[in-house]
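Hello,

Here is the structure I promised to pass on to you.

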Amino acid sequence: MFLVFIGPPGAGKGTQSKRLLAHLRIPHFSTGEMLRAAIEEDSDLGRLAGQYMDGGRLVPDDVVMRLVLERLSLPKYALGCLFDGFPRTITQAQALDQALQDRGTPLDAVIELQGFERELISRMQKRAITEQRADDTPAVIAQRMEVYKRQTAPLLSYYEQRGLLHSINAMGSPDEVFSLITASLATK
Ligand code: AMP
């Protein structure tokens, strides 16, 4: 099963994606993790990507797609995976569709976690106090929310038009949200 997981900051995407990976027994495909590993290795890709990531900008589509297509051909992703943090642009979504189509394994579903912006921001502010996360200051929280809205809204309509979008109310407890996700996937 090939799934895309999308969610605004504060919606619990980290928690829910871990549970979903264990439940479906599919590998995690996180471009953010792959790019951070490339930076750690100090490879050409890492040095290039680092220039964008340091400023909180997106790594260019052609760079991301080269990495994604190379990794996607690994045997561990042959039967499915959970795409996390990817795609982030329409260009990436189209390139992913094409790649999966060529392999004869099209995308099965896109899960979107939904929440009220005010509630999500308040959750992140609470988390900032308990976990002391550097990226949870009020200014950074507002910036991440803006970036999410700007970049992700077009992807949601792209997938909705293709009948792939499962929008999940993420305002309940972690158990409630997870039940909604599995119930929604069972209907597809
Ligand atoms: P993440 O761990 O998914 O939040 O990604 C961390 C950073 O890596 C992002 O802020 C981007 O700079 C970069 N990044 C990760 N995935 C992508 C992607 N699909 N397209 C462009 N940049 C990405």
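In which sense do strand β4 and β5 pair, and over how many bridges? They pair in the parallel sense, over five bridges, with β4 taking up residues 109-114. Within that pairing, V110 stands opposite L165 of β5. Please keep in mind that this is a predicted model.

Now to the sheet as a whole. Five strands make up an open sheet with parallel pairing, and their order is β2-β3-β1-β4-β5. At the edges are β2 (28-30) and β5 (165-169), each of which pairs on one side only. Direction ignored, neighbouring strands of the sheet are turned by 25 degrees against each other on average.

Strand β1 deserves a moment of your time. With β3 (residues 81-84), β1 pairs in the parallel sense over four bridges, and V4 stands opposite F83 there. With β4, β1 also runs parallel, joined by four bridges; here I6 has E112 as its bridge partner. How buried is β1 (residues 2-6)? Five of its five residues are buried, so the strand is largely enclosed by the rest of the structure. F2, V4 and I6 point one way from β1, while L3 and F5 point the other way, and all of them are buried.

Next, the ligand. It is surrounded by 13 residues, and the closest are T31, R36, R57, R88 and Q92. By class, the shell divides into six nonpolar, four polar and three charged residues. Helix α2 (residues 31-41) supplies the largest share of that shell, with four residues.

- R36: a polar side-chain atom lies 2.9 Å from an oxygen atom of the ligand.
- R57: a backbone N or O atom lies 2.7 Å from an oxygen atom of the ligand.
- Q92: a polar side-chain atom lies 2.9 Å from a nitrogen atom of the ligand.

On its own the ligand has 480 Å² of accessible area, and the protein covers 81% of it.

Lastly, a residue in another part of the chain. E146 has its place in helix α7 (residues 138-161). Why does E146 count as partly exposed? Its relative accessible area is 39%, and the partly exposed class lies between the buried limit of under 20% and the exposed limit of over 50%. E146 and L35 are 111 residues apart along the chain, and their C-alpha atoms are separated by 22 Å.

Happy to go through any of this with you.

Best wishes

Technical notes. Residues numbered from 1 in each chain as written. Predicted model: local features only at pLDDT ≥ 70, side-chain atom pairs only at ≥ 80, totals over all residues. Heavy atoms only, no water. Near = heavy atom within 4 Å. Polar contact = N/O pair within 3.5 Å; in protein donor to acceptor, adjacent residues only side chain to side chain. Areas by Shrake-Rupley, 256 points an atom, 1.4 Å probe, with all protein chains shown as cover. Helix = DSSP H or I, 4+ residues; strand = E, 2+ residues; numbered from the N terminus. Nonpolar A, V, L, I, M, F, W, Y, C, P; charged D, E, K, R; others polar. Buried < 20%, exposed > 50% of the residue type's maximum accessible area, 1.4 Å probe, protein only. Pairing = 2+ DSSP bridges. Axes fitted to C-alpha atoms, helices over the stretch in contact; angles between N-to-C directions.
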